[in-house]
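Subject: A structure for you to explore

Hi there,

Here is the structure I promised to pass on to you. Please open it beside this email, and then read on for what turned up.

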Amino acid sequence: MKVTRIAYSTRLNPGKYAALAEQARRLGRVRSEVWQRYGSINGAGAGLRDRQVRDRWLADGTHVQFAVLANAWKETVRDAMADIAANLAAAKVDVRRAINRRATDPAERKRMFTALKADQWVDDPFLARQMRKHWKRGRNRTHDQIVVRADRYNITVDGRGRLWLAIPGLEPRKMVRIPLSTTVAPTGTLRLILRGGRVEVHYQIDASQMRSSQRPCGEATVGVDKGYTEALTDSDGQTHGAGLGVLLSAESDRLKERNRRRAKLRSIANTAALRGDHAKAHRIKVNNLGTIKRDRQAARHRARVRTEIFTAVHEVVDKAATVVAEDLTRCFTGRKPLGKNINRRLAAWTKGVTAEALKNVSERRGSALVHVNAAYTSQACHRCGRLGRRSGDRFHCTSCGVVWQADVNAAINILQRAGDPDIALHTPYHKVKQILQDRTDRHRTRLPVQDSSPATAGRRANYPNRSTMSNK
């Protein structure tokens, strides 16, 4: 398994940065051409590979128009084709969900899955319709990146112990030397990203070389629920990443005040421009409405949040050999729109970071990650199964008359879903609600649990759910 590390340039000469920016701009044209020609059914959808694209461009002379070195545009073509393939794979995830909703026959479902995996979906009307629905032609918006192959750069150390990275420029046999702010030399294929006068050098290392990968996982089976004030709450009642809410709230308040000030300055600049004072408007835009400082502050905030979440996940894996969690990659739409301030505090992007951390850490440390259907886990009582009321961090069960800590209650429900034979990962939420209501109705009328089939009875014997254990 590979993980990404980032090294930064330090005190980079403006002339070197301008040369790198021009090279990145030209390589952005290469990406745009790849997406325009091959980012559809006739490209990656037809099984076309990056080597075939390179051979075509060499044959018809397309590469000449970009005015960059051969290795630079070839690596960019490879990277762009990989992006198109990733875009196609993401669309297939939605199509698989559509297959699960439509196909009831296991043989038909298997046939569709096989055709989708083998890219033979063009001749199937349903698959073709779903792929056209979920796979939209993309556009390239990346004009600030340079991909450098592992054998095309070299690293030297000067007399003061600083690392210098030398990469090919726009002219043959002329290298651009970049001073780095690290003592660890990057390895493998490099991705250079130019942001605000600084170069970020992204590279990958083997996860087994990291000290955190050497830590063994625990032995328990734990359910976890994502929260706001803390990163995760487990089914044992322990919270992890308690500083996350403070970070998000402080950043939200800072952004609100900063955006208010920027809006006022922008209004002053626009007013000055309207009355003809363009010099004043230009000074305000250049000195007060820039993006370099803003982007660096945002990057530091994201780094702090990632550190908090990854530390929380490591704490969970320290005690768990199996981690049961909801599928955080799915999109959920709320019933009512929320205000900008609330949306900023909820910070939906942290959900993706949490999903990445759970997957990354569990794989590196040898624990099993089990995804379950989390529908109504925050609204149902883990003891009696009835739907109750949640208010902030408290859950009120109207049947038991007990007030639970809401995140702990949800984590226990998530843990119990791992052994629930009736609620699968992709069961629609309205069916989940009906199942929960049927169970509580049977409890109230003292009717036995009705199995739909002998197979279900066997699964229920191996994985008892809450409805069969409520009297114990």
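In which hand, left or right, does α1 cross α3? α1 passes α3 in a right-handed crossing. Before going further, please keep in mind that this is a predicted model.

**The chain as a whole**

You will be looking at a chain with 14 helices and 15 strands. Its C-alpha atoms fill a box of roughly 80 × 55 × 55 Å along the principal axes. Of the 472 residues in the chain, 39% are buried. If you take contacts between residues at least 6 apart in sequence, 66% of them join residues at least 24 apart.

**Two helix pairs**

Two packed helices are described by the angle between their axes and the distance between the axes. Let us go back to the pair from the opening question.

Helix α1 covers residues 14-38 and helix α3 covers residues 70-102; their axes come within 9 Å and cross at roughly 45°. That angle makes α1 oblique to α3. On the α1 side, the contact is made by Gln23, Leu27, Val30, Arg31, Val34, Trp35 and Tyr38. The α3 side includes Trp73, Val77, Met81 and Ile84. By type, the residues of this contact divide into 11 nonpolar, three polar and three charged.

Now find helix α6 (residues 244-274) and helix α8 (residues 292-319), whose axes come within 10 Å and cross at roughly 165°. An angle over 145 degrees counts as roughly antiparallel, so α6 and α8 are roughly antiparallel to each other. Their crossing is left-handed. From α6, the residues in contact include Leu244, Leu247, Glu251 and Arg254, and among those from α8 are Arg294, His301, Val305 and Glu308. Here the division is five nonpolar, two polar and seven charged.

**Cysteines**

How many disulfides does a search of the whole structure find? The search finds zero. As a reminder, a disulfide is a covalent bond between the sulfur atoms of two cysteines.

The sulfur atoms would have to be within 2.5 Å to count as one. Cys381 is buried, with a relative accessible area of 1%. Cys217, in contrast, counts as partly exposed because its relative accessibility is 24%.

**Some loop residues**

Asp119 has a phi near 60° and sits in the loop between α4 (106-117) and α5 (125-134). Is Asp119 buried, exposed or partly exposed? Asp119 is partly exposed, at 26% relative accessible area.

For Tyr376, phi is near 65°. Tyr376 belongs to the loop between β12 (368-372) and β13 (389-391). Its relative accessible area is 11%, so Tyr376 is buried.

Finally, look for Arg11 in the loop between β1 (2-8) and α1. Arg11 counts as exposed, at 80% relative accessibility. How far apart in space are Arg11 and Gln120? From C-alpha to C-alpha the distance is 52 Å, and the two residues are 109 apart in sequence.

Enjoy exploring, and write back whenever you like!

Best wishes

Conventions
Residues are numbered from 1 along each chain as its sequence is written. This is a predicted model: local features need pLDDT of at least 70, side-chain atom pairs count only at pLDDT 80 or more; totals for chains, interfaces and linings use all residues. Side-chain values use heavy atoms; hydrogens and water are left out. Axes are lines fitted to C-alpha atoms, for helices over the stretch in contact, and angles run from 0 to 180 degrees between N-to-C directions. Helices (H or I, at least four residues) and strands (E, at least two) are DSSP runs, numbered from the N terminus. Angles under 35 degrees count as roughly parallel, over 145 as roughly antiparallel, 65 to 115 as roughly perpendicular and the rest as oblique. A crossing is left-handed if the near helix is turned anticlockwise from the far one by less than a right angle, and right-handed if clockwise. Contact means heavy atoms within 4.5 Å. Ala, Val, Leu, Ile, Met, Phe, Trp, Tyr, Cys and Pro count as nonpolar, Asp, Glu, Lys and Arg as charged, and the others, Gly among them, as polar. Buried means under 20% relative accessible area, exposed over 50%, partly exposed in between (1.4 Å probe, protein chains only).
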